[in-house]
Amino acid sequence: MSGFIFNEKPIQIESGDGPYLYDDGGNEFLDMGASYACVPLGHSHDAVDAAVRDQLDDLTYVQASYPVESRTAIYELLAETAPDGIDKTWLCNSGTEANEAALKFARSATGDSKIVATMQGFHGRTMGSLATTWKNKYKEPYEPLIGDVEFVPYNDPEALGEAVDADTAAVIVEPIQGEGGINPAEKSFLEAAREETEANDAALIFDEVQTGMGRTGTLWAAEQSGVVPDILTSAKGLGNGFPIGATLCRDWIAENYGSHASTFSGGPVISAAAEATVSTIVDEEVPAHAAEVGSYLREEIEAELGDTVRDVRGEGLMVGVEVKRGSNRLLKQLALNHGILALPAGRSVLRLLPPLTIEREHADQVVDALVDELGDGS
Ligand SMILES: *Cc1c(COP(=O)(O)O)cnc(C)c1O
């Protein structure tokens, strides 16, 4: 028996510490992707891992219908730290499940079915979330999906206004598109989404699976837009490597969610991991640090390579560098020649989502490597 979907990288990782990963030969790699934004506090973080060990000493699992301290604690912490008006949480195990629940809750609470999503958007790979994901390659082998989804160009408030109507249950949007190429939403687009959903009694869903947990310089990217959605979804970095997702809702959604459940919802161990992750991010003012180091990183890339690359964009430590040639070769060169692990976003964008705890020296290391690989104008 063997796995057949993942496992393709030629490096065997054996340990991690902060922003670094180490392979079986003891080679050090700077993890500028945080393994898809999943370790905002860095690898093997002491406080998170200790919270998990403590919880394991007491109780590994009990069914979700019994309240446990760690789950209550993460509910309270998310209510305290979410944008005003959002204080109910559904816990699950991944980003796609968080969005799947968001779509179900929106349909149930509004009694409507149509979903408006954005071109280049990514919301996950279960049937519902997948239907709201843009890329055909991800969808075609599995069709028919849930139907009743209309895509509008990202950052086009007029097209959005035309798409949202009386039959609309929800608009789902990432405040910054991650997978789609690190495309930040204009404030006016998110404001239009808020106005149109309100006028049509539809729910506004912000997918913060990638933008959340301080990555963009505030705990939630929503804070920077001033727009408060009805539903906000989280996952990836929420457990600093432990699998957890969350669907945060306003009361009118939570009161009309229908009938949804999942066996492992908010288990004691992942709840402890999430509580330790969120409280560390908030207490140590990690988002402000991400904003500072992220600006520095973007400015340095711009200064050193502004004429060489097509574009540098993003917020905080969610950074996209659009290169002239494909990003694949560059990713390999960064790994092999410089010990830097980064991510793609589509064919031409180098995506940097490092642990939010990196310092300027790590940013310098990345800029030096990029200059070395791209400095001749390629
Ligand atoms: C990764 C991602 C998802 C899916 O999360 P999974 O945990 O892989 O299911 C959904 N939305 C966004 C914006 C993502 O980046």
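I sorted the shell around the ligand by class and found 2 nonpolar, 7 polar and 3 charged residues. In this sorting Ala, Val, Leu, Ile, Met, Phe, Trp, Tyr, Cys and Pro are nonpolar, Asp, Glu, Lys and Arg are charged, and the others, Gly among them, are polar. I note that the model is predicted: local features need pLDDT of at least 70, side-chain atom pairs need pLDDT 80 or more, and totals for chains, interfaces and linings use all residues. Residues are numbered from 1 along each chain as its sequence is written, and side-chain values use heavy atoms, without hydrogens and water.

I listed residues around the ligand (a heavy atom within 4 Å), including Phe 122, His 123, Glu 174 and Lys 236. Helix H4, residues 95-110, gives the most to this shell, with 3 residues; a helix here is a DSSP run of H or I, at least four residues.

I then looked up polar contacts (N or O pairs within 3.5 Å). The side chain of Asp 207 has an N or O atom 2.7 Å from a ligand nitrogen. For Gln 210, a side-chain N or O atom is 2.7 Å from a ligand oxygen. Gly 95 uses a backbone N or O atom, 2.8 Å from a ligand oxygen.

Next I looked up the domains, whose bounds come from an automatic or database assignment. Domain 1 is 13-44 + 285-374 and domain 2 is 46-283. I found 31 residues of domain 1 in contact (heavy atoms within 4.5 Å) with 30 residues of domain 2.

Definitions and conventions: A polar contact is a pair of N or O atoms within 3.5 Å; within protein, one must be able to donate a hydrogen and the other to accept it, and residues adjacent in sequence count only if both atoms are side-chain atoms. Helices (H or I, at least four residues) and strands (E, at least two) are DSSP runs, numbered from the N terminus.
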